[in-house]
Amino acid sequence: MDRNSRLAVLLVAPLLLLMIVGFVLPLGTTAFKAVDNPEVTAALPRTTAALGQWSGDGLPDEAVYAAFVEDLLSPQDNRVFGGLVRRLNFEQTGMRSIISGARRAAEGLQAPYSESLPALNAVWGEPEVWQLLQTHSNPYTATYLLRAMDLRMAADGSIIPVDPQQAIFRELFLRTFIISLWVTVFAVLLGYPTAWFLSTLRGRAEGLALLCVLVPFWISILVRSTAWFIVLQREGPINAALLATGVIDTPQAIIFTRPAVYLAMVHVLLPFQILPLLAVMKRIRPDYVRAAASLGARPWQQFLLVYLPMTMPGVAAGAVMVLMLSVGFYITPVLVGGLRDQMVSYYIAYFTNTSINLGMAAALSLLLLILTGLLVVAAARVLPGLNLGARV
Amino acid sequence: MTDAAPDPALVRFDGVQKSYDGILRVVKDLHLGIAEGEFLTLLGPSGSGKTTTLMMLAGFETPTAGNILFARQRINDMPTYRRNFGMVFQNYALFPHMTVAENLAFPLRMHRFAKSEIPGRVERALDMIRLGAVADRRPAQLSGGQQQRVALARALVFEPRMVLMDEPLGALDKQLREHMQLEIRELHERLGLTMLYVTHDQTEAMTMSDRIAIFDDGRIQQVGPPDRVYDHPENAFVARFMGENNALPARVEARDGARLRLRCPAGSQLVALCCPEGLPDGGDAQVLVRPEQVTLGEATENCLRGIVADVIYQGDHLRVVVDVPAIGRLSARLPKAARPDCPSPGAEVAVHFAPEAALAFPAEDAVET
């Protein structure tokens, strides 16, 4: 490596480091967490080893039972054991009491354990529980990713849909994308004329109008969402005004509805649509529309055939940005939406903070990332102007 | 020189004024006729009102006062798309999202040409500008000259009633510009179209125009064929804007028919023709002489002495700059053949020019060129 290339490497090193720390590491960790399966192996090391020899047909032999009881009796960190219990209970409801019961009774159990354990709880005399333990003694699992798609792996290894009561994630993803699409549509419909109007202003008026767009942009999303919460609530100014003017006689439910979510999200995201559009519109000289007029195009033709196609890169850039941001929205739907208006990130937060199931949180995040990526790729194909921006 | 356009003209500006703020008039009381088939150039410095005049004819601006007539019909408020004028813009304004062929088909589609006819017309237009090979390219993939030709073809392809051009060659380099001037001139002769051309380049105006209208300060200073405005400028602005001029300060002493006798500050006597607007006896004047009219050597009339400041070889001619005491620098344009006898810088020389080649204008008419 000569001096110049060493210098080049040195110069890009901070950027590379930032990329690794800020991008590769978190994404890699998330992807890993979504398939990571350490709990069973950590809490039951001997059982894991013994189950490795087992064919999976019928019941395991005494060695496995003995290893299991020995694992239960060995002095253990409660956190590790708690992890095991949570992990198995997530796979099969009821496992919490079964495992905890076995642990409490382990001291008094007599060999052969293949008889005393089933005597304690008949579950231990059935192959399913051992198959469950064997499946999850593998350090990697597809459970979380499958569950994020409302699927699970049956005991025989085939992939089947989960019980209808448990199937919530497909609908959740669908809802997330439908809300995001509508938000994008509203943002384009409102942002286009606004950006056009801004692009016609000059001097002081331009600066002032741009400030009006930018000021909300500088205020935190939390504050803006909270403001909507206050405005839209039952005792809020909108209801008060409607009551006072006699339009309605009882306060209407505006907050915790889908329209409230759209309203607040569009407001928060509108600058992301307006600013790229404005940048594109500012660069289009009036000559193009004038040329169209001189060539015989009526005003609507001037717009549809010349101005609109020329501003498409701005529409596309803004729409993709709004779409991507709204897919990951959290605080606004939480504040102004009802339970049926929550999006994927609500459940990611739930699994991270409330149920402490990082695997599920990671799987949802990963799936959201993949679906959003696919959506952007699809958008780039459908919207012709997306990569044409520099040519206008 | 009066307006030579045969009346009724195709286009007539009748007392047209334009003001954007209600106070400052960009175009002041414009009277101008354009004959059918004529190539008329609006020439002037920036801010002289020439582009605004074109924009009003195109329909992008509305006159504040006066009328614009096309074929004796008032078109002040007619929308651009109904005027049926082809227009070429300074930056071409080719639609970047359409191919060359689509750009050319656009006006045909807008004017509802039969669908079956459009491809043939586009092809003929491409042949006319010799760009058939790039029909499927986007404008951004063409050179400046190619874009210019496409813009020209697009303004002609739908057989407009006239063609307006707003400094269409401004963005091209000098050689290409000169080539395109000839090409546009040839197109005009071949198609017999009425053309209105705006430029600030007097050479360009001289090359192409049947007539030139020289604008300054919102008014037409003079209209006429190129030779007329060059050889017989009606005022000092036109004289100095069209080509080069030496300006010699002098005072009117006597008159002899159309000729004036003037005296320079240093005492030398000059004889010059009087400008059309006339000069009072004893009035301060400036005598304008073109460099190509100045020759070296002694003479009985209009002879000035000075010191050669510089001799510049310019390929097709020599330029000799002479410092004349109390008058200033005088530039003479000499044929290349004069080179061997040419004095070197520092030498004392005499220069002279014919009285017929010198025009005296009022001195107040100080103009920046």
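This is a predicted model: local features need pLDDT of at least 70, side-chain atom pairs count only at pLDDT 80 or more; totals for chains, interfaces and linings use all residues.

Side chains of opposite charge can pair when their charged atoms come close. Counted over all chains, the structure holds 27 salt bridges, and a few of them are followed here.

Also in chain A, Glu171(A) and Arg340(A) form a salt bridge through their side chains, with an N to O distance of 2.9 Å. Because Glu171(A) belongs to helix α10 (residues 169-200) while Arg340(A) sits in the loop between α17 (331-336) and α18 (344-354), this pair ties together parts of chain A that are 169 residues apart in sequence.

Turning to chain B, the side chains of Lys50(B) and Glu167(B) meet in a salt bridge at 3.8 Å, N to O. The pair links distant parts of the chain, 117 residues apart, with Lys50(B) in helix α1 (residues 50-58) and Glu167(B) in the loop between β7 (162-166) and α6 (174-191); both Lys50(B) and Glu167(B) are buried.

A further salt bridge in chain B pairs Arg149(B) with Glu183(B), whose closest N and O atoms are 3.8 Å apart. Here Arg149(B) lies in helix α5 (residues 144-156) and Glu183(B) in helix α6, so the contact ties together parts of chain B that are 34 residues apart in sequence. Arg149(B) is buried, as is Glu183(B).

How values were computed:
Residues are numbered from 1 along each chain as its sequence is written. Chains are lettered from A and ligands numbered from 1 in the order in which they are written. Side-chain values use heavy atoms; hydrogens and water are left out. A salt bridge is a side-chain nitrogen of Lys or Arg within 4 Å of a carboxyl oxygen of Asp or Glu. Helices (H or I, at least four residues) and strands (E, at least two) are DSSP runs, numbered from the N terminus. Buried means under 20% relative accessible area, exposed over 50%, partly exposed in between (1.4 Å probe, protein chains only).
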